[in-house]
Amino acid sequence: MTTGEPALLVDDRAGVRTVTLNRPHRKNAMTWTMWRELADVLRDTGGDRSVRALVLTGAGGAFCSGADISVPDARHPMDKLRIFTDLALQLHELPIPTVAKVTGVAVGAGWNLALGCDLVVATPGATFAQIFARRGLSVDLGGSWLLPKLVGLQQAKRLALLAETIDAGQAAALGLVTWVIAEDGIDAFTEDLAARLAAGPPVALAQTKALLNEGADSTLREALAGEARAQGVNFATADAPEAYAAFAGKRAPRFTGAWSLPPAGGEKESG
């Protein structure tokens, strides 16, 4: 990173927002200012209807080596942890699909940042560690909630208590990486993946993501009730009729998420 270059890079293209952690000289270790800025970016992303998918990645051949504890910060530890709370919730509750593109290290809070995304793409050389125990700390940034849900309690304890480093293949076998893609192909793969997500029905995808997130803690009865409510909303958008029309016309659908029911005055909204 050159002098004066921002530590977070945000690029919007064709409905996809790519956020790049940009401290390659520190393997993208995050300062507290960066955590706060990332939380703000995620908050803004959630309210921007033009953004249909998010890719989170790191510059310089690393994803994120966690919090940069070498940078002095006089704030109270509880104030710092509130930043983590805000960020983890912002990422988890984003109404759009999120993808972590991982090259190099993803360590501690950096790994949990990737796990907070809906999908994870990694190169074969990527490595992962819940390094907290080696630093005399316990897991944070949602790791205590994410890990047991993704790998089960016993494997979560193994990763957190031993703080051992695993490679991309091991992470994929545990269900912590969705795809392992060769380094020379990961950019194109992630670009295509994000484009496909961005082209999907935004309201339906947002509701599916929420249903799946909530389903892990719901009874079957609660999950079915949530599905019924969600489908009612989906049928009130232009996307369900568009899907049927595209199928009949043998063409690709053009999803917008536009509301199709007429308002009280009797005229349809423009979208």
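# A tour of the helices

Begin by selecting Lys-209, which touches Leu-91, His-92, Leu-94, Ile-96, Thr-98 and Asp-118 when residues up to four places away in sequence are not counted, where contact means heavy atoms within 4.5 Å. The model you are viewing is predicted, and local features need pLDDT of at least 70, side-chain atom pairs count only at pLDDT 80 or more, while totals for chains, interfaces and linings use all residues. Residues are numbered from 1 along each chain as its sequence is written, and side-chain values use heavy atoms, with hydrogens and water left out.

Lys-209 lies in helix α8, helices being DSSP runs of H or I with at least four residues and strands being runs of E with at least two, numbered from the N terminus. Lys-209 counts as buried because its relative accessibility is 10%; buried means under 20% relative accessible area, exposed over 50%, and partly exposed in between, with a 1.4 Å probe and protein chains only.

Stay in helix α8 and select Gln-207, which also lies there. Gln-207 has a relative accessible area of 18% and is therefore buried, and its contacts, again without residues up to four places away in sequence, are Ala-230, Val-233 and Asn-234.

Next, show α8 together with helix α9 (residues 220-235), and see that their axes come within 10 Å and cross at roughly 170°. Axes are lines fitted to C-alpha atoms, for helices over the stretch in contact, and angles run from 0 to 180 degrees between N-to-C directions. The two helices α8 and α9 are therefore roughly antiparallel to each other, since angles under 35 degrees count as roughly parallel, over 145 as roughly antiparallel, 65 to 115 as roughly perpendicular and the rest as oblique. On the α8 side the contact is made by Val-203, Ala-204, Gln-207 and Leu-211, and on the α9 side by Gly-226, Glu-227, Ala-230, Val-233 and Asn-234.

Now move to helix α2 (residues 77-93), whose 17 residues reach 24 Å from the first C-alpha to the last, close to the 24 Å expected at 1.5 Å a residue; the expected span is 1.5 Å times one less than the number of residues. Which residues of α2 are buried? Select Lys-80, Ile-83, Phe-84, Leu-87 and Leu-91, which are the buried ones in α2. Seen down the axis of α2, these buried residues fall within an arc of 95°, so they line one face of the helix; the arc is that of the directions from the helix axis to the C-beta atoms. The buried residues of α2 pack against α1 (32-46), β4 (98-102), α3 (109-115) and α8 (202-215).

Of these partners, display α1 beside α2, where the axes come within 9 Å and cross at roughly 30°. That angle makes α1 roughly parallel to α2. To see the contact, select Trp-32, Trp-35, Arg-36, Leu-38, Ala-39, Leu-42 and Arg-43 of α1, with Lys-80, Ile-83, Phe-84, Asp-86, Leu-87, Gln-90 and Leu-91 of α2.

For another helix pair, select helix α4 (residues 143-151) and helix α5 (residues 153-162), whose axes come within 7 Å and cross at roughly 130°. The helices α4 and α5 are therefore oblique to each other, and Leu-147, Pro-148 and Val-151 in α4 meet Leu-153, Gln-155, Ala-156 and Leu-159 in α5.

Finish at Phe-189 in helix α7 (residues 186-198), a residue that is partly exposed, with a relative accessible area of 23%. Leaving aside neighbours within four places in sequence, Phe-189 is in contact with Val-121, Trp-179 and Ile-181.
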